[in-house]
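Let's take a friendly walk through this protein model. Have a look at the sequence and the 3D view, then read on.

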Amino acid sequence: MKKIGIILLSVWIAFAAKAESIGLVLSGGGAKGIAHIGVIQALEDNDIPIDYITGTSMGAIIGGLYAAGYSPQEMLELIKSDGFADWSTGTINNNLTYYFDKKEPTPAMFHINFGNADSSTVKANILPSSLINPLPMNFAFMELFSPYTAQCVGDFDKLYVPFRCVASDVFHKRKLVLKDGSLGVAIRASMSFPLVYKPQYIDSVPVFDGGIYENFPVDVMREEFSPDFIIGVDVNAGEPETDMDNIIKQVQSMIVQNNFTDITDGEGIKIDIALKEFNILDFPKADMIYKRGYDRAMQMIDSIKCSTKKRTMKASRQLSRSIFKSHTPKVSFGSVTVTGGSRRQNDYLSSLFVKDGNDTISINDAQTAYYRAISSGKLNDFVPEATYNPRNKMFDLKLRADMKEPLSAGVGGWLSSSTNSMIFLSANYNTLSYNSFDASLQGWIGQSYYAGALSAKIALKTATPSCLKLEGVMSKQKFYENDVLFYESELPTFIINYEKYIRLKYLVAIGRRSKFELSVGYAHLDDKFYQSNEVDFSNTKQDEAHYKLGQFEASFTNNTLNHELYPTSGNRLEVSIAGVYGSNSYRQNEIAANETSTTGSESSGWIQGKLKWEKYVNTSNRFTFGFKVDAVASTRPLGANYTALQVQANAFTPTPSTQNYFNTAFRSNSYAAAGLLPIWTITDNLQFRTEFYAFAPVRKIKETVNHTPFYGGWFKRLDYMGEASLIYNFQFAALSIYCNYLSYPARNWNFGINFGILLFAPKFLK
């Protein structure tokens, strides 16, 4: 009987609606538009109905969600979710990417793609078409809004609340009132602020943010719905003058026209919300902005009640919303079509979505395939469109691919107050198909490091993704005992390491986030060094050690870290075992430059296992604890010379600033190390990072008076290392100021500043 009463009440309300209608107008404003949710919650708490809704930009997102049946709390939960944070900022969630297909990280900060569609011209694409990567948002909007587009059959009057949003056709200098078609495309067009987001195409015309021509769509409400009473919400009240240090504000000032239309007396009421202390990207402050909107609406609720008579009880609203949602189709796909690339490219991309023996593709399967496709980095854009098919009650998925040109170049490096500074250059050729081919020529040029690497990789058409990769590397690296300032690089170099090797790899994917690798390689390694740094460098030649080695290695890697150098979330596990065999020789040079003695050569072999694990746990919104474990077990023989052995020993260098140190206290054939990393994320891009490590050699390598090595006792020494750094992560590089301390030698403090990406060429004995 209770349900019947509610239904009868709903019928009565429907008749009452003919007597009075209420329209809600929502302005644009970026994250400040979250205040709209607070206003809607206040209206619902006071049983004030919303019969029509119009919005621009963020107002279109909130209005579109409400029109699709979302409650205020559901909208707030969505805005606060990790998914919303990712796609609104263009961040590709590492948990969704396909690790096997990702390009290996390099020091490149900028990439240049070369187009050659016309053989008579070469076009270089350097700047991105938008500041925010569109790829995460593409799938999110399709998933979020396509069910409601299907439910209303492309007619926004048939949504839970009739809806309109505004976009801008800048080519014809006019606003567009969007009332049908794809709900996701309409809302996204309304929020596509120039430079920040890519435009959406409607009837083959690129359209941008509706705020350019009408940021507060009162006129649209009047013309489209003509309600009896209008409630307008403007989240831009009390805005300060343009901030000339903010490029987005400058662009907004130039392109947004001053064509504000207000609500006249007797027509309705306007709710102005002062949010000038918040910026358009302050989505992490959603609760504060929501409360500001709620409190402001409650201040004006008596005026609204006095001006309106129509009410909708909570039970009736919940029932009508539930009935609407019960008719919303579930998203699953019966067919997939890809266009935009060559036939082979389209076929390959389509195959990622189709599972053998399964005619239905779930939304989760489609998301997995979508993120696998974009993980390769070979697509400029990948736009999905879901069209409802009433015959099978599923959706047809159509994807439009915008392929990157196969030729590209990379430029980057590392600028440092130490001698680690280097320039990185690369030339790349990449294709996308069942047998994708990738080739790269890379070069490092620096004060202490030189390297060249050539690699070629071809994908194999196997049930489980796999590939073959051939790489060759030549490198030269100079080592110092601790930080050496850039202007001191002409000092005699304590150690120089040369590598030349070639390696063939077979790689296979294991799930979404892991890969397994088998490799075989051959190398020439050459070291030059002084037995002591207390010699007459002008009259002493360096000793030499030479190695000819073959290696077979198997390794497993799982990686979900969010940053290569300075991660704050995710984990990484690397496990490997290698067998090495070859010959080595040692040449000792006496004090006199014209006198030498040679100790001869010998053959040896050993087995080595490595374990590296790191994990980051977010204890709050701003604080993270990281944990690191690094262990090596090796049967490598001692050899004839202490320094020659130390040069080739496994080194523990856990931070970018310690990569070029040669410190015997943190080198050993076998060791165990662990670290704790308290991290304070001050802002989204700024972090204060502290790292504390303990290092214990299984058996420390010691030296006789004749420079012969021998092992000490088991776990007889423990050394420490600590570093504090202030890091700002740009989209393309990182800037860091650091201070570190090493327990050996005494008073080993180091300070410096770095900018860029520090990644070296692969080493033969990793």
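## Buried pairs and salt bridges

A residue is called buried when its relative accessible area is under 20%, and exposed when that area is over 50%. Keep in mind that this is a predicted model. Arginine 689 and glutamate 691 are both buried, and their side chains meet in a salt bridge, with N and O 3.4 Å apart.

Side chains of opposite charge can pair when their charged atoms come close. A search of the whole structure turns up 31 salt bridges. In one of them, aspartate 719 joins arginine 717, with the closest N and O atoms 2.5 Å apart. Here aspartate 719 is buried at 2% relative accessibility, while arginine 717 is partly exposed at 31%. There's also a network of salt bridges that links Glu471, Arg503, Lys505 and Glu517.

## A sheet with a helix on it

Now for an open sheet of four strands, in the order β12-β11-β14-β13, with mixed pairing. Its edge strands are β12 (361–362) and β13 (379–389), each pairing on one side only. β13 and β14 (residues 394–403) run antiparallel, joined over ten bridges. Helix α13 (residues 343–353) packs on this sheet and touches β11, β12, β13 and β14.

Why are they about one helical turn apart? Because they sit four residues apart in helix α13. Aspartate 347 is partly exposed at 36%, and arginine 343 is exposed at 63%.

Definitions and conventions. Residues are numbered from 1 along each chain as its sequence is written. This is a predicted model: local features need pLDDT of at least 70, side-chain atom pairs count only at pLDDT 80 or more; totals for chains, interfaces and linings use all residues. Side-chain values use heavy atoms; hydrogens and water are left out. Two strands pair if DSSP finds at least two bridges between them. Helices (H or I, at least four residues) and strands (E, at least two) are DSSP runs, numbered from the N terminus. Contact means heavy atoms within 4.5 Å. Axes are lines fitted to C-alpha atoms, for helices over the stretch in contact, and angles run from 0 to 180 degrees between N-to-C directions. A salt bridge is a side-chain nitrogen of Lys or Arg within 4 Å of a carboxyl oxygen of Asp or Glu. Buried means under 20% relative accessible area, exposed over 50%, partly exposed in between (1.4 Å probe, protein chains only).
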